[in-house]
Amino acid sequence: MADPQPGGCCRCCCSFIFTLGLTALFMWLSLRTDNPTCYIQYFYLPGLNTTLKNSTNNTLVIELRLENGNKDKGIYYDAINLTFYDFPNKSHLMGNYTIPGFYQGHKKKATKPGSLALNKTLLSQATYPNGTAKFHVDLATAVRFKIMAWKTKRHKLDVGSDVDVNNQGIKTYEKKIKLRSGASGHKRYCAQMGALVSSVVLVFLDF
């Protein structure tokens, strides 16, 4: 009986490794998630509108825009907490607003309007003599991703941005303002998932 050819064994082994690598890549792409993108779409303080005579209105009208860029993953939001500070050192808390939690389908966008009364004294102190003002907005929540019938654990989402307001009480930046994060928790999660998939591959190779 002829001995098996060494080249045939090598081809089988390479084919197995290649298939395993593709499987690991597919698993990583399936489990990889992107945090939603958060924007301030509308920001208006009628009390700072100099065209309105004798306005003492301390109400803030805001509209939040949330975009889920994941192609095949939905997002469950916990309650979304918005916190408003004076600028630049956030030393004074001016007000809070909470958006109830909700579910957002994949590749969907959501607009969440709201209004709240800011601290009138702090609002007056934060306004410059020319009628303009600067504020800081923080957004804090936790999200879970829906991957088919499976939900991930909660991941904290903390983002924020400065907002410049003109003497008509409207944000000076005409386009929506993106809320950004310096936190790396979500990146750590993706790295952990990548390490897990790599470990699975190594286990199979050792086997």
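Here are some notes on this predicted model, point by point.

1. Some ground rules to begin with. This is a predicted model in which local features need pLDDT of at least 70 and side-chain atom pairs count only at pLDDT 80 or more, while totals for chains, interfaces and linings use all residues. Residues are numbered from 1 along each chain as its sequence is written, and side-chain values use heavy atoms, with hydrogens and water left out.

2. How far can you trust it? The pLDDT (the predictor's confidence in each residue, from 0 to 100) averages 83 over the chain, and 71% of the residues score at least 70. Go carefully with residues 183–187, where the pLDDT is below 50 and the stretch has 4 contacts in the model beyond near neighbours in sequence. Residues 200–205 also fall below 50, with 5 such contacts. A contact here means heavy atoms within 4.5 Å.

3. Now the overall picture. The chain has 3 helices and 12 strands; these are DSSP runs, numbered from the N terminus, with helices being H or I of at least four residues and strands E of at least two. Of its 207 residues, 37% count as buried. The cut-offs go by relative accessible area: buried is under 20%, exposed is over 50%, and partly exposed is in between (1.4 Å probe, protein chains only). Among contacts between residues at least 6 apart in sequence, 67% join residues at least 24 apart.

4. Next, the inside. The largest nonpolar core has 35 residues, and F43, F84, F135 and L139 have the most contacts inside it. Such a core is a set of buried Ala, Val, Leu, Ile, Met, Phe, Trp, Tyr and Cys residues joined through side-chain atoms within 4.5 Å. Strand β8 (residues 133–147) gives the largest share of this core, 6 residues. Have a look at L139: leaving aside neighbours within four places in sequence, L139 touches residues including C38, L64, I80 and L179.

5. Which kind of aromatic pair do Y77 and F102 make? Rings of Phe, Tyr and Trp (its six-membered ring) pair if their centres lie within 6.5 Å; planes under 30 degrees apart count as stacked, over 60 as edge-to-face and the rest as tilted. By this rule the count comes to 4 aromatic pairs. One of them is tilted: Y42 and Y44, at 6.4 Å centre to centre with 45° between the planes. Y42 is partly exposed at 36% relative accessible area, whereas Y44 is buried at 17%. Y77 and F102 are stacked, because their ring centres are 4.5 Å apart and their planes are at 15°. Y77 lies in strand β3 (residues 73–77) and F102 in strand β6 (residues 102–104), so this pair ties together parts 25 residues apart in sequence. Y77 is buried at 5%, and F102 is buried at 15%.

6. The charged end of R144 sits over the ring of Y76, 5.3 Å from its centre. K176 does likewise with Y39, at 4.4 Å.

7. Finally, K151, which is in strand β9 (residues 150–151). K151 is partly exposed, at 40% relative accessibility. Setting aside neighbours within four places in sequence, K151 is in contact with Y76, R144 and F145. K151 and Y76 are 75 residues apart along the chain, with 8.8 Å between their C-alpha atoms.

How values were computed. A charge sits over a ring if NZ of Lys or CZ of Arg is within 6 Å of the ring centre and within 35 degrees of the ring normal.
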